[in-house]
Structure formats: C-alpha cells, structure tokens
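Here is a short report on one protein chain. Keep the sequence and the 3D view open as you read.

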Amino acid sequence: MRPRTIPGSSGRPRPLRLLGDPALTEPCREVTAFDGELARLIEDMFATMYAARGVGLAANQIGVPLRVFVYDCPDDEERRHLGHLVNPRLLETGGPLVRGPEGCLSLPGIEAGTPRHDEAVVTGFGVDGEPRKVAGSGFFARCLQHECDHLDGGLYVDHLTGLRRRRALRAAAKAPWAAESAR
C-alpha cells in the first residue's frame, strides 16, 4: 500500500469570505478541468478548513466560484468522514427533520438551531474525475447538506425563520468581523 499524505499538508490557507460577500450568494460553476490546478485548490481548501477549525468548506468560501467542497466530519457515532467532492449534487435527503446546532466558517462564532434532514446522499466526482457517491447520517448529513447549499449560493441562515433568524443576523451584524466584511 502506497503512503498517503495528510489532506491539506501541501496546501496553503486562504482568506475566508464572510457573510455579506457576494461570492457566497452566487451559484457556483461546474468544474470542467480535472487537473493539477483543481488538485491544488482542494489542498488549499483542506488547509483553510483545518486552519479555521471547521468540518467542511465550499470553494466559494475562499472566493473560488466552482462546485467543490471538502470535509473532515464525524457522524453521530463519532465515525470520521474525510474527503472531497467535485460537482456535487444532493441526490436525496431522508429521515426525520432535526433541528440541531449549525455554524459556518463564513459566520464565525455564530450558531443557530437549524432544521436539516437526518440522512443525505450526495453524488459527484473525485479530483481524478472518478464518480463518487457519499451517504451520511446525523451530523455528517447536516454537513453534506450545508456544503451543497453553499455551492448553490445559500447559507444556513437561509433555513432559519422568525426569532432564530433575527437573532443570528443581529449577532452577525454585531460580530467583530462584520466591519471587515462590509469593506
């Protein structure tokens, strides 16, 4: 078995885009070239996600409008799920709708009870262009749905209503990083 490198170990962290940045609200484009540039992007995304202490990261969160996300996320049984998907599509969701805590690297320090399905299946490709299908439950299903939302130009706060939404957006407006993202 050949030795494998740790994802992100050859990447460089990039600046995160924060709430209010137009890059987060536009749907991302399909990847058409499965090449060294894509591999570098994925490495940089892992490095950025680890530096920010996240469990998932979509390419538009670092200002790249391509349909790519990476993840290193546990499920509810503490099984680790590590990987990436290129041109992912949320194929199906199922199970009960569960309101659970959800945060985002583009809204640092802000968390809200967000409804998500307890099961999710996503299809896509690996960096080499090989088809992949990833299924998750619990917290990992939440992560898969969250990252797919990003690539369609959405944020978890879009799933909030009423008081939860107002509280999250008010906290974001008062956050120390809010002034930076307004520039």
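Glu78 sits in the loop between strand 2 and strand 3 (80–103). Helices (H or I, at least four residues) and strands (E, at least two) are DSSP runs, numbered from the N terminus. Glu78 has a positive phi of about 65°, although it is not a glycine. Most residues other than glycine have a negative phi. Glu78 is exposed, with a relative accessible area of 64%. Buried means under 20% relative accessible area, exposed means over 50%, and partly exposed lies in between (1.4 Å probe, protein chains only).

Arg53 also has a positive phi, near 60°, and is not a glycine. Arg53 lies in the loop between helix 1 (36–51) and strand 1. Its relative accessible area is 77%, so Arg53 is exposed.

## How to read the model

This is a predicted model: local features need pLDDT of at least 70, side-chain atom pairs count only at pLDDT 80 or more, and totals for chains, interfaces and linings use all residues. Residues are numbered from 1 along each chain as its sequence is written, and side-chain values use heavy atoms, with hydrogens and water left out.

## A buried arginine

Where is Arg67? Arg67 lies in the loop between strand 1 (56–58) and strand 2 (68–74). Its relative accessible area is 3%, so Arg67 is buried. The Arg67 side chain reaches the backbone oxygen of Pro88 at 2.8 Å. A polar contact of 3.0 Å joins the side chains of Arg67 and Asp152. A polar contact is a pair of N or O atoms within 3.5 Å; within protein, one must be able to donate a hydrogen and the other to accept it, and residues adjacent in sequence count only if both atoms are side-chain atoms.

Arg67 touches several residues, among them Cys28, Val31, Leu85 and Leu151, not counting residues up to four places away in sequence. Contact here means heavy atoms within 4.5 Å.

## Salt bridges

Side chains of opposite charge can pair when their charged atoms come close. How many salt bridges does a search of the whole structure find? The search finds 11. A salt bridge is a side-chain nitrogen of Lys or Arg within 4 Å of a carboxyl oxygen of Asp or Glu. Arg14 forms one with Asp44, the closest N and O atoms being 2.8 Å apart. This pair links distant parts of the chain: Arg14 is in the segment before helix 1, Asp44 is in helix 1, and 30 residues separate them. Arg14 is partly exposed at 22% relative accessibility, while Asp44 is buried at 7%.

Asp72 and Arg80 meet in a salt bridge at 2.7 Å, N to O. Asp72 is buried at 13%; Arg80 is exposed at 58%. Arg116 pairs with Glu102 in a salt bridge, with the closest N and O atoms 2.8 Å apart. Arg116 belongs to strand 4 and Glu102 to strand 3. Arg116 is buried at 3%, and Glu102 is buried at 4%. Salt bridges that share partners join Glu30, Arg67, Arg89 and Asp152 into one network.

## A hairpin

Strand 4 (residues 111–125) and strand 5 (residues 131–137) run antiparallel, joined by seven bridges. Two strands pair if DSSP finds at least two bridges between them. Val122 stands opposite Val134 in strand 5. The two strands form a hairpin with five residues between them, and Gly129 in the turn has a positive phi of about 90°.
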